[in-house]
Amino acid sequence: QLARWNQAQTAKEPVEIATLQEALAAEKTKSTAKKTWIFKADNVRDFAWTSSRRYIWDAMPIYVEGKKVMCMSGYPKESYGLYRKYSTKAVAHTIRSYSKFSIPYPYPVAQSIEAANGMEYPMICFNNGRTNKDGSYSEATKVGMLGVIIHEVGHNYFPMIVNSDERQWTWMDEGLNTFLQFLAEQAWEEGYPSRRGHAANITSYMKSSNQVPIMTNSESILQFGNNAYGKPATALNILRETIMGRELFDFAFKEYAERWKFKRPTPADFFRTLEDASAVDLDWFIRGWFYTTDHVDLSIDAVHLYRPNSQNPDTEAAWERAL
């Protein structure tokens, strides 16, 4: 296993360090020996770890601005058909994508561990995704697993590095992460069926009676997924694609991540950074999308038609008849 770990340091594809065969053999025995593990990490706000003799473990490196990041996965035999093919590659893709749109990944490792559902911690996250007993899986299962992995690995950036108060302003954590998840999913493969990010996917919520402003305290939100995840992600996508343009928005968003990494930003810090980094007045957009549930309500009051007079009676008469 140590030889495989050393091989993985320069591999182009994930290398199995603890193999499927070794995991199958290990699950038949149980060690009573005690082991002591010592963990050390800089600039982390939380901590989690996991251990199982049933884990298959694979890893590969990527480089972010010259710094090596070991991307790896741990999973049981029930997930082998999916995780062996996709998990570590999805971790690597997420780190590359998020580093492009925010800040370079500062930690030495990023791990995806198969579990019952998704949850995030610095450098490690837990994600669902198991095959059928015969090893087969549906496209929906694959897409769902990839989305969870990208989302939970992405939480390294928001709120683990850009350390917003997710209890008070959940959208600063989940909404920003869901937006970058959307960008990463679309870059994973053409036509990826992202659940959130496209404007069309949020319209039914925005027409419903359950809608409350995004800036509502998290304990008072009626539809958490739509309010804290979907609507903020859509707002940022509209800013990027329609209001500001990709180049200007990307510059301002990266500036926010850079300014507030390992600090405690508030919503005002986010809004202010987008505005002063881009030199664009966004007050009207922020007020409508984040502070109210107002919708576009326009009607035509009157129509006035103006045109130059040709000074030719025949031309003018013909034009009047045409009306």
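Residues are numbered from 1 along each chain as its sequence is written. In this predicted model, local features need pLDDT of at least 70 and side-chain atom pairs count only at pLDDT 80 or more, while totals for chains, interfaces and linings use all residues, and side-chain values use heavy atoms, with hydrogens and water left out.

**Exercise 1. State the strand order of the open sheet and find which strands stand at its edges.**

Step 1. Strands are DSSP runs of E with at least two residues, and helices are runs of H or I with at least four, both numbered from the N terminus. Two strands pair if DSSP finds at least two bridges between them.

Step 2. The open sheet has 6 strands in the order 1-2-3-4-6-5, with mixed pairing.

Step 3. Strand 1 and strand 5 (119-121) are at the edges; each has a single partner strand, so one side of each has no neighbour in the sheet.

Step 4. On average, neighbouring strands are turned by 20° against each other, direction ignored. Axes here are lines fitted to C-alpha atoms, for helices over the stretch in contact, and angles between N-to-C directions run from 0 to 180 degrees.

**Exercise 2. Follow the pairing from strand 1 to strand 4, giving the sense of each pair.**

Step 1. Strand 1 pairs with strand 2 in the antiparallel sense over 3 bridges; Val 15 has Ala 59 of strand 2 as its bridge partner.

Step 2. Strand 2 and strand 3 are also antiparallel, over 9 bridges, and Asp 58 is bridged to Ser 73 in strand 3. These two strands form a hairpin with 2 residues between them, and Glu 65 in the turn has a positive phi of about 50°.

Step 3. Strand 3 (residues 67-75) and strand 4 (residues 109-114) are parallel over 5 bridges. Met 70 has Val 109 of strand 4 as its bridge partner.

Step 4. Helix 4 (residues 139-154) packs on the sheet and touches strand 4, strand 5 and strand 6 (124-127). Contact means heavy atoms within 4.5 Å.

**Exercise 3. Is Ile 17 buried or exposed?**

Step 1. Buried means under 20% relative accessible area, exposed over 50%, and partly exposed in between (1.4 Å probe, protein chains only).

Step 2. Ile 17 lies in strand 1 (residues 15-18). Its relative accessibility is 0%, so Ile 17 counts as buried.

Step 3. Beyond four places in sequence, the contacts of Ile 17 include Trp 5, Trp 57 and Ala 59.

Step 4. In strand 2 (residues 56-64), 7 of the 9 residues are buried.

**Exercise 4. Describe how helix 3 and helix 6 (residues 170-188) cross.**

Step 1. Their axes come within 10 Å and cross at roughly 120°.

Step 2. Residues making the contact include Tyr 86, Ala 90 and Phe 101 of helix 3, and Leu 180, Ala 184 and Trp 188 of helix 6.

**Exercise 5. How many residues has the largest nonpolar core?**

Step 1. A nonpolar core is a set of buried Ala, Val, Leu, Ile, Met, Phe, Trp, Tyr and Cys residues joined through side-chain atoms within 4.5 Å.

Step 2. The largest core has 71 residues, and those with the most contacts inside it include Ile 95, Phe 158 and Trp 171. Helix 3 (residues 80-101) supplies the largest share, 9 residues.

Step 3. A second, separate core of 5 residues includes Ala 48, Tyr 55, Ile 113 and Phe 126.
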